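The following exercises are to be worked with the sequence and the coordinates at hand. Each task is followed by a solution in steps.

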Amino acid sequence: MVKKKNPLTRAVIYILLIGLTVITLTPLIWMLSSSLKLDSEVFSIPIKWIPDNPQWSNYAKIWEKIPLLTFTFNSVKLTVIITIIQVITSSFAAYGFAKCKFKGRNILFLFYVATMAIPWQVYMLPQYSLMNSLHLVDTHIGYILMQSFNAFGVFLMRQAFISIPDELLEAARIDGLSEYGIYAKIALPLSKASITTLVIFTFVTIWNDYMGPMIYLNTETKKTLQLGIKMFIGQYSTEYGLVMAVSVLALVPVLIIFLIGQKQFVQGIASSGIKG
Amino acid sequence: MSGKAKAKKGGLSLTVRQNLIGYSFILPNFIGFFIFIFIPVMFSLVLSFSSWDGFNEIKFNGLNNFIDIFHDSVFLGAIWKTAYFSFFTVIFSMLASLGLALLLNQKIKARGFFRCALFFPYVASVVAVSVVFNAMLQPDYGPVNEFLRFIGISNPPGWLASTDRVIPGLIIVNVWRNMGYFMIIYLAGLQNIDQSLYEAAEIDGAKGWARFSKITWPLLSPSTFFVVMMLIINSFKVFDLVYLMTQGGPGTASTMLSQYIYNQAFISWDYGKSSAAAMILFLIVALLTVFQFKAEKKFVNY
Amino acid sequence: MKKKFVKTMAFGLAATMTATTLLAGCSNSSEDKGNSGSGTVTLTFPVWDLASNPYLNDIVDGFEETHPDIKINVVDVASSEYSNKLSVMLNGGSACDIVYIKDGDSTPSYAEKGQLEDLTPYIEKDGIDTSKYVSFDELNIDGKQTAIPFKTDYYVLYYNKDIFDAANVEYPSNDMTWSEWEEMCSKLTSGEGANKIYGGYLHTWQACVENWAVQDGKNTILGPDYSFMKPAYEMALRMQDAGTIMDYSTLKTSNIAYASPFQQGTVATLPMGTWFSSMMIAKKDAGETNVNWGIATLPHPDGVPAGSTVGSITPMGINANSEYKDEAWEFIKYACGEEGANSLIARGQMPAYQDENTLNDLAALEGMPEGSAEAMKTTSIVLDRPIDSASAEVNQMLSEEHSLIMIKEKPIDDVLKEMSDRSKEIQGE
């Protein structure tokens, strides 16, 4: 649909993109190169981008020093379950907020948005006491329940549903579809891009969450990858080489999810959807 | 407007039924939200009017916490610093992410790679990011200042090692981290624009800027609303990055509200003052939210 | 449509009920995890950095062997968040029997909330010889023995023998003043750029300047008048200007850990805690450094006897709400007693329970440099942060102000004045 741009514009676009990408990727390169260094070399001045003597053994050491396999499994399990619950319940609620009229809708929605503005550190202690009295501390289910119902997903999906024209829904109602049918058969398919966004965001957030597992998980076999990274950061010394090696590995699943997900962002889906 | 024709068939009145349907959508999420988030948040609201060490009896003390924090120069400074930091973070992040989304929504080679590369800053562990940016912004030999000297600025800023340049330094890092994230929201938003509108515009001869200002920008307004809202909330709450990069220093030059809240709760064990500060943060964001909602009603097209 | 609605509501209800049962199920399973039947008791023991502190496992294993009816459930937490997590566990009512306190100076903040059991009756009952412990009485708060010191650490001077040999400077003696050290550092500094050798190194912690000001025991970091710190700051800035130590802002902005420059052989002398020896031994064993290192007593201010140093203690106590106080006491008695001390020494750590052999045993450890027993002798150990409920908050304030001096954003006198104002405000409450 987009007409062929003239070569000059295209060149400018590519130069801009490549420039931005180089700047953006510098830290990744830094991480990669540090993951192959000894701790004492990581902060040498001036910065050495290519280590003299690459320590490939760093990538072997991390599996020996901590139960990385268990941690990875736990991270995958928690991330997948929370992402699923989050996407289903928050898109459901978002449809209510966007397309149903009911008493107290705006107030309730304001509650949701308002809680986003409160830093977690403030209500962490009351939340912990509550979880403790429900015997949910140091359980995966406790962590899942705590993380699955945040306001962000509801807010994001509400914005997506709002942009669906009301006439489209009205037509479906006349065709005899219930509100639940409209949600499942029209609203969801039309918001693929936003669902993808929510999946990516939830995945990244839970995958990278450190404070939550830190406070709620005690048992070694229940811990997650991010807690594993911190095991190399000690009180008086940090094994930066190993920290970077685990960090690099931890990037892989998220980038895979992203690579799959971003294919949803192809111009042109929406136009066919609305007509259909 | 919902199902007027069917209203007569059901036994319940239209409004009651509409209400129930609405609640049924909200309910599954709301139960979890209410128990695990809303109740603890309300508890901290109560705390802001009390004195509590986290363990013993909670003593109601009226407005004392608020009086205390408004006499604390670190807190007052934190409000201004947070506002300064947030204002520029919001503007620059929004512009950068919109620009990137527009660029990367076109048919270009290796689009997936570019998107992935630009999303990477958000995914990378904050620990690694803070370490590398400390090195990049190093005043004497860091790449950023070497570049500035190269283009003829003989006295480049001290960035994180100077009290008046530390916040601009943090804004740069934060925008860098944010832009890929919000680019995704804009990309998703762009998918919702009906392509036939562009085709029609083309026939009318609208190009470039006109196309953007007449179609793209207005139709992206729900996304923009969301992006700005989230940016405001996130930048007012910013914690990890600052904590790892500067610990609020040098001095208290980058101590923002969330850092202050954290220090009160976890170093001074004064949950009352911590919650009071959080309520102020909440009020600021809530005011901006209400203002935004008003604006959304006026300007957002849907 | 109505039917559908009813269905959905029913589904929602069913889901909620399942969730509730699930929760109930969970609660049951977590309750009978520990202490049912058979007479075994499980004690929860939160610790930090388990992997890098192997003595903790040694002690737990040794204890479980001699006390078959008590199990220890070790909860490992990252050091930077340890204090937060411990407080959340204690405040949130979570089971936690042994309270292992990372920063000794924060003991009062737990004691004041009534979270630490008074150990006096236990000590009397078992006739513990309290004179063997370093800083035992410091943990006596309002007449209650709130905890027992488990570990101790104090500052000594580490040096790189090869740099001294190359510069033809005599190795540091165990009786040296800070001004002599400063002079020595200028002799040892050489080279430029990436090959520069620094005579000294002061880490970015405020402790690495302020400790030398409290070393005489006359003042503490609680101030509230901080003018006594001026000479220490003047020395640090002088050395920074002369280039005999690395620049504060360089260290801070590039996250340089004190260990790397010393282990790479670019720093000749390093005042650092006793914990650093076990790190050096480990790194040498792993072949990651080949520095030929030595230990000397920490330099001292003029007019203060040699062997006065600055240090800290790491205490253990019992959660006042624990159900198994007697069992927890058994563990503390073991960990903080002779057996625990031997486990600490075996891993190169300094126990708080000391007798005449402790230093010799520690110095005899494989990999410790010659003469360390002599160098580690002390005449007095001043606590770097006094055991006081205001310590943590004052310390946070000092770290903020410290950076202003070190990056030369403000003159020393102004900052010291500001410290004093803020300190009074914190302690006035």
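**Chain B as a whole**

Of the 302 residues in chain B, 50% are buried (a residue is buried if 20 or more other C-beta atoms lie within 10 Å of its own, exposed if 12 or fewer, and partly exposed in between, with C-beta atoms placed from the backbone). The model is predicted: local features need pLDDT of at least 70, side-chain atom pairs count only at pLDDT 80 or more, and totals for chains, interfaces and linings use all residues. Residues are numbered from 1 along each chain as its sequence is written, while chains are lettered from A and ligands numbered from 1 in the order in which they are written.

**Exercise 1.** Describe the secondary structure, extent and domain division of chain B.

*Solution.* 
- Step 1. Chain B has 14 helices and 2 strands (DSSP runs, H or I of at least four residues for helices and E of at least two for strands, numbered from the N terminus).
- Step 2. The C-alpha trace of chain B spans about 65 × 60 × 30 Å along its principal axes.
- Step 3. Domain 1 of chain B covers 3–47 and domain 2 covers 70–301; such bounds come from an automatic or database domain assignment.
- Step 4. The centres of domain 1 and domain 2 of chain B, taken over C-alpha atoms, are separated by 33 Å.
- Step 5. Among the contacts in chain B with a separation of 6 or more, 69% join residues 24 or more positions apart (two residues are in contact if their C-beta atoms, placed from the backbone, lie within 7 Å).

**Exercise 2.** Characterise the side of chain A that touches chain B, and the side of chain C that touches chain A.

*Solution.* 
- Step 1. Chain A places 82 residues in contact with 81 residues of chain B.
- Step 2. On the side of chain A that touches chain B, helix 1 (residues 7–34) of chain A gives the most, with 10 residues.
- Step 3. That side divides into 55 nonpolar, 21 polar and 6 charged residues (Ala, Val, Leu, Ile, Met, Phe, Trp, Tyr, Cys and Pro count as nonpolar, Asp, Glu, Lys and Arg as charged, and the others, Gly among them, as polar).
- Step 4. The contact between chain C and chain A takes 38 residues from chain C and 31 residues from chain A.
- Step 5. Helix 1 of chain C gives the most to the side of chain C that touches chain A, with 8 residues.
- Step 6. The residues of this side of chain C divide into 15 nonpolar, 16 polar and 7 charged.

**Exercise 3.** How do helix 11 and helix 14 of chain A cross, and which residues meet?

*Solution.* 
- Step 1. The axes of helix 11 (residues 192–208) and helix 14 (residues 240–261) of chain A come within 10 Å and cross at roughly 175°. Axes are lines fitted to C-alpha atoms, for helices over the stretch in contact, and angles run from 0 to 180 degrees between N-to-C directions.
- Step 2. Helix 11 of chain A is therefore roughly antiparallel to helix 14 of chain A (angles under 35 degrees count as roughly parallel, over 145 as roughly antiparallel, 65 to 115 as roughly perpendicular and the rest as oblique).
- Step 3. From helix 11 of chain A, A:Thr196, A:Val199, A:Ile200, A:Phe203, A:Val204 and A:Trp207 meet A:Pro253, A:Val254, A:Ile257, A:Phe258 and A:Gly261 in helix 14 of chain A.
- Step 4. The residues of this contact divide into 9 nonpolar, 2 polar and no charged.

**Exercise 4.** Is B:Trp159 buried or exposed?

*Solution.* 
- Step 1. B:Trp159 lies in the loop between helix 7 (143–150) and helix 8 of chain B, and its phi is near 45°, a positive value in a residue other than glycine.
- Step 2. B:Trp159 is buried because 25 other C-beta atoms lie within 10 Å.
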